[in-house]
Amino acid sequence: MEAMDSVAVMEVAAVPDPVFVGAAPLTPPAEASVLRRSARCLNRPRAPTYAEKEEPKQSTGRKGRPKKKRDEENHDPTAEAQVAVKVARKAVKAEPKEKKPMPVVEPISATDFAGAAAEDDALGKGKSAKLRVKETLRAFNSHYLHLVQEEQKRAQAVIQEIEASKNKVCFSAVLNLSRFKGGKKGGEDEIKEKRPSKRPDLKAITRMQENNSVLYTEKVIGQIPGIDVGDQFYSRAEMVVLGIHSHWLNGIDYMGMKYKEMNGYANLSFPLATCIVMSGIYEDDLDKADEIIYTGQGGNDLLGNHRQIGSQKLARGNLALKNSKDNGNPIRVIRGHMAKNSYTGKVYTYDGLYKVVEDWVQNGVQGHIVFKYKLKRLEGQPSLTTSEVRFTRAEAPRNISELPGLVCDDISGGQENIPIPATNLVDDPPVPPPGFAYIKSLKISKGIKIPSDCTGCDCEGDCASNKNCSCAKLNGSDLPYVSFKDVGRLVEPKAVVFECGPNCSCNRNCVNRTSQQGLQHRLEVFKTASKGWGVRTWDTILPGAPICEYVGVLSRTEDVESLLHNNYIFDIDCLQTMKGLDGREKRAGSDMQLPSLPAENDSEAPPATEYCIDAGSIGNVARFINHSCNPNLFVQCVLISHKDVKLAKVMLFAADTILPLQELCYDYGYVLNSVVSAAGDIIKLPCYCGAPDCRKRLY
């Protein structure tokens, strides 16, 4: 390889070979091996390919040089996992007011409530329940971000209309305001038309209902497959599309009279409660974690100070909770808490199953009649992760010095916007990552020239405020990002993203320069028990948020063929992804025509990747991110100064909502049975990602 620009080298100690306890270490193939990553991985809406489900396809791998997962072969099944942070919970004590008996309902014995909810694959789609939950949330977030983009465009159009004709728009705004507040309709034709919802989350629910993509359309009693105690949601809309709680506003979800005719429910009294949400709306609620005093629904000033302004009635949700006490069926409990990083301002946590053990009527704090219910948590469930006093979860330390096992304060040496500490609780003595040089931006090998002939846009300020942006047109009329708290979020995985570059006149903070802003989240490199080094986040990362660029040395693929035991090579196969070759799924924009794309009839064989990124000796934090068969990141090709996809920038984006201390991972993109030896034998390497839908092999 040709000489490159000099970089500062961080001196670190070498990592000794791991010790295997109770098992012999896996022996790598005799031939030289190189790990090759690929851009084919994305947040797939389809089932993964399993070796046992179809016959192996003809291998397209290069013979004579097997590929290797860099650290997963060092599997230590007895290594201790990282210790989760636990926070003590406080109990709130309060004496209930004078109780009045509720109307008596004839008790009816309950039957088995498990039903379809007890089946891991109740929908029969060949996927685990966890994967179906993840795919449903990804579909919701995709709809949501598209609708956010539409709303931002609508708002921008209103601003432009105001500037063009203030008087006309002010009159229109008054009419819209009157409709929003329930004002009477006037004689104008414009007023007769129903005002569309401006809440993207509610519109996303409607779209998923229209597309029949809601996960559980029928209400069920008890546990929902794929949703575990401690799972968190960032809006009630997410819970609606999953089916864990079917209304975006009501606190009590219940089964209506139609369910009485269904199998298994004949002996139960309806309506029947299935789930409640506690989010501090009712001032009479009392939460002691394992025991809840819950206030019935109705009579609350939902749009004001949440005080009781009227008496409640024994109907709908209130009657459903009463019947649930008599029937003895379990009820799902979800708690809502304030959260600054949520677009709704709250985060909702599923806390398991409870039973109504007592009910009564009393005068509330404001003197109005309210229905009260005491619920107790069922035994044998995982520990609670929330409480009335504070929202607790695995929380990152506030400063780096508090990190246990700290071996490096900042592996970037101050190059990144945010320091990246490294910790090691596995090795004894603990050692930092092995010797490599950290670089923030891509290094170009001698002989490779990056084009810079792309024409820029002439926007002023942010391109999001210009409906005629030429860069937006390259992306298919809309910019690929929406802005959330000054951080761009990619609306959906695309074949390629065109960002504003050096020839554009927009400002440096333009949303269409999202991948150029550096690290936006606090990350930590840590030693795992079985997969070598990994990366986890200290912050909550929302879907579509940028993580980092895959940085190393941009090289020609033919120049690295002879490198032995280099486990950090990333093939830039954006062209193959755009064509949907070798098992890749086409993305939005795959049908675009670019000068660098060969003619369709040039060859039916998949073209070999011409360039790659070598992060073996120099690279950034991306080189430590592990593989997973069920990843929370996806790879995105980005073009900035040119239109040659063979030289595209490789970025990693969040595919899901990623909570603090979760490991970041993406799919390395191997096709099973695609790695062969010089003799033509298929080489197999086990996968230790631990995902519910793990393919059990990396290749």
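Lys 219 lies over the face of Tyr 254, 5.6 Å from the ring centre, and Arg 623 is placed over the face of Tyr 568, at 4.1 Å from the ring centre. A charge is taken to sit over a ring if NZ of Lys or CZ of Arg is within 6 Å of the ring centre and within 35 degrees of the ring normal. The model is predicted, so local features need pLDDT of at least 70 and side-chain atom pairs count only at pLDDT 80 or more, while totals for chains, interfaces and linings use all residues. Residues are numbered from 1 along each chain as its sequence is written, and side-chain values use heavy atoms, with hydrogens and water left out.

Tyr 265 and Phe 270 make an edge-to-face pair, 6.1 Å centre to centre with 80 degrees between the planes. Tyr 265 counts as buried at 14% relative accessibility, and Phe 270 is buried too, at 9% relative accessible area (buried is under 20%, exposed over 50% and partly exposed in between, with a 1.4 Å probe and protein chains only). One aromatic cluster is formed by Tyr 550, Phe 570, Tyr 666 and Tyr 668.

Pro 271 belongs to the loop between strands S3 (252-255) and S4 (272-278); helices (H or I, at least four residues) and strands (E, at least two) are DSSP runs numbered from the N terminus. A cis bond also links Asp 428 to Pro 429, with omega near 5 degrees, and Pro 429 is in the loop between strand S11 (422-423) and strand S12 (437-438).

Positive phi is found at Arg 316, about 50 degrees, although this residue is not a glycine. Arg 316 is in helix H6 (residues 316-327) and is exposed, with a relative accessible area of 56%. Leu 661, likewise not a glycine, has a positive phi of about 75 degrees. Leu 661 sits in the loop between strand S26 (649-654) and strand S27 (665-666) and is partly exposed at 26%.

Terms used. Phe/Tyr/Trp six-rings, centres within 6.5 Å; stacked < 30°, edge-to-face > 60°.
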